[in-house]
Amino acid sequence: MKKGDLVVAIEDQRRGIHCVGMVMDTRSLYDDSADLSDAFVLWHSSSYPMGWWFQRQLKVISEGR
């Protein structure tokens with residue numbers, strides 16, 4: 001996962017909610033463990049919420065350039 005990727009939350013997708021977000025930044029905790037990597041996501045909804053998510057909670061739907 002990298003900056004510019006479009007993502008959806010896996011739990012939202014499971015529940016039938018479709019909201020796309022864009023990865024604005026990434027960070028890794030504890031020696032680059034893939035399981036503990038975070039992504040800062042700007043969500044495309046009426047209030048444009050943003051925040052840090054574990055990458056394991058997200059699914060890339062379109063890779064950025």
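Display the surface of the protein chain to begin: its accessible area comes to about 4,600 Å², computed by the Shrake-Rupley method with a 1.4 Å probe, and for residues only the protein chains shown count as cover. Carbon and sulfur atoms account for 52% of that surface. The model is predicted, so that local features need pLDDT of at least 70 and side-chain atom pairs count only at pLDDT 80 or more, whereas totals for chains, interfaces and linings use all residues. Residues are numbered from 1 along each chain as its sequence is written, and side-chain values use heavy atoms, with hydrogens and water left out.

**The whole chain**

Switch to a cartoon view. The protein chain holds 1 helix and 5 strands, where helices (H or I, at least four residues) and strands (E, at least two) are DSSP runs numbered from the N terminus. Followed from the N terminus, the elements run β-α-β-β-β-β. The radius of gyration is 11 Å, close to the 11 Å that the globule rule gives for 65 residues, so the chain is as compact as a globular protein of that length. That radius is taken over C-alpha atoms, and the globule rule is 2.2 Å times the number of residues to the power 0.38. Along the principal axes, the C-alpha atoms fill a box of roughly 35 × 25 × 20 Å.

Colour next by accessibility. Of the 65 residues, 25% count as buried; buried means under 20% relative accessible area, exposed over 50%, and partly exposed in between (1.4 Å probe, protein chains only). Contact means heavy atoms within 4.5 Å. Among contacts between residues at least 6 apart in sequence, 38% join residues at least 24 apart.

Then select the charged side chains. There are 8 positive and 9 negative ones, and the centres of the two sets lie 6 Å apart. Lys and Arg count as positive and Asp and Glu as negative, while His and the chain ends are not counted; each charge is placed at NZ of Lys, CZ of Arg, CG of Asp or CD of Glu.

**The nonpolar core**

Select V7, A9, C19, V23, A39, V41, W43 and L58, the 8 residues of the largest nonpolar core. Such a core is a set of buried Ala, Val, Leu, Ile, Met, Phe, Trp, Tyr and Cys residues joined through side-chain atoms within 4.5 Å. Strands β1 (6–9) and β3 each supply at least two residues of this core, and β3 gives the most, with 3 residues.

Centre on L58, in strand β5. L58 is buried, with a relative accessible area of 7%. Leaving aside neighbours within four places in sequence, L58 is in contact with M1, V7, V8, A9, I10, A39, V41, W43 and W53. The C-alpha atoms of L58 and M1 are separated by 9.2 Å, although the two residues are 57 apart along the chain.

Move to V23. Not counting residues up to four places away in sequence, V23 touches M1, K2, K3, G4, D5, V7, A39 and F40.

Select R27, in strand β2 (residues 21–28). R27 counts as partly exposed, at 37% relative accessibility. Beyond four places in sequence, R27 touches S37, D38 and W52. R27 and R65 are 38 residues apart in sequence, with their C-alpha atoms 18 Å apart in space.

Continue to Q55, found in the loop between β4 and β5 (58–62). Is Q55 buried or exposed? Q55 is buried, with a relative accessible area of 16%. Its contacts, again not counting residues up to four places away, are M1, T26, S37, D38 and A39.

**From the β3–β4 loop into β4**

Select Y48, which lies in the loop between β3 (37–43) and β4 (50–54). Phi of Y48 is near 45 degrees, a positive value in a residue other than glycine. Most residues other than glycine have a negative phi. Y48 is partly exposed, with a relative accessible area of 45%.

End at M50, in strand β4. M50 counts as exposed, at 53% relative accessibility. M50 touches F40, V41 and L42, not counting residues up to four places away in sequence. M50 and M1 are 49 residues apart in sequence and 17 Å apart in space, C-alpha to C-alpha.
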